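Please keep the sequence and the model in view while reading.

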Amino acid sequence: MSPKPRDSDAWADQFVYAIGARIAALREGRGLSGRELADRTEEFGHRIDRAILANLENGRRAVVSVPEIFVLAAALDVPPMTLLLPSDPYADVQVLPDADLPFAEAARWVVGESTRLPFTPAHEDPHAEDRYRLHAERLRKALLMDRTTRELVNVATILRVVTGRPDTGEESAFWRDPAEVEGAAEMWRYRLGDEIRRWIAYYREEADDGRRYLVQRFDPDEYRDVIDPHDLREIDELRSK
C-alpha cells in the first residue's frame, strides 16, 4: 500500500458508482427488469423503487445505504460483499481515499478477519490492534461453532437413515448386506462422536448466551437415539449445572 492524497468526494462518488454498476450487471445477468428487482426487494421487507434503482445503476444517485446493500444482495442472490468489492480477486481495492488494499486483504477487513490494522491510521490508538484481534477471534469461533452444529445435524440425520430409524420416515432397504449396514453405521457413529465432543468443548467454554445458541442450533434431546450414551451422560451433567 502506498498512500497518496486523493479527492475524497471523487472517491466516494466512484465507490457508489461501482456498486451501481455491479447491481446493473447482476440484474441483467439474471434477466430481471428494474421492476422485477424492485419487487424482489419488497419480498425481503424493504422495497427499493425502480426509479431509485435506475438512478443508482446510472450513476445519478450519490449514496447507497447499508440496509439497501443488504436487501439488494438478498434480492440478487449474492452476498453483500459482491456489491461492495470488485469481482477481480487480483485487483487492488481503494477502500479509503488514501488507501489501496489487495482484494483478499480488503475482504478480510470488511468481514472482520483481519488481526491487525491493514493501513496506518492518522491517529494513535494503542488498543486498535487488540480490538482487531478480539473481533477476528470471535468471528473464527462463531464460524467453527456454526460448522460444528451444521455437521452434527447432517451426520445425525444420515446415521438415522443408515440404521433405519423409524422417525426419519425412511428405510435402509438399499443396504442389502447387514455387515455393510453396520460398517456404514460405525463410520457415521465415529463421525458423530467427533462432532459431539467438539460441541461439548464449546458448551463448556461458553456462557449462557453461547450455550443457548449451541442448543438452538443442535439440541441433543432431539438426537438422543443416535448419540453415544456416554456422551449423553456428559451432556446431561453439563446442562444440569
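**Cores, hairpin and a buried glutamate**

The largest nonpolar core has 24 residues, and Leu192, Ile196, Trp199 and Phe218 have the most contacts inside it. A nonpolar core is a set of buried Ala, Val, Leu, Ile, Met, Phe, Trp, Tyr and Cys residues joined through side-chain atoms within 4.5 Å; buried means under 20% relative accessible area, exposed over 50%, and partly exposed in between (1.4 Å probe, protein chains only). Two or more residues each come from α7 (128–162), α8 (178–205), α9 (208–217) and α10 (229–240), with α8 giving the largest share, 9 residues. Helices (H or I, at least four residues) and strands (E, at least two) are DSSP runs, numbered from the N terminus.

This is a predicted model: local features need pLDDT of at least 70, side-chain atom pairs count only at pLDDT 80 or more, and totals for chains, interfaces and linings use all residues. Residues are numbered from 1 along each chain as its sequence is written, and side-chain values use heavy atoms, without hydrogens and water.

Leu192 touches Leu152, Val155, Ala156, Leu159, Val226 and Ile227, leaving aside residues up to four places away in sequence (contact: heavy atoms within 4.5 Å). A second, separate core of 18 residues includes Val16, Leu26, Ile69 and Val78.

Strands β1 (residues 92–96) and β2 pair in the antiparallel sense over 4 bridges; pairing requires at least two DSSP bridges. The two form a hairpin with 2 residues between them.

Glu206 lies in the loop between α8 and α9 and counts as buried because its relative accessibility is 18%. The side chain of Glu206 makes a polar contact with that of Lys141 (2.7 Å); such a contact is a pair of N or O atoms within 3.5 Å, where within protein one must be able to donate a hydrogen and the other to accept it, and residues adjacent in sequence count only if both atoms are side-chain atoms.
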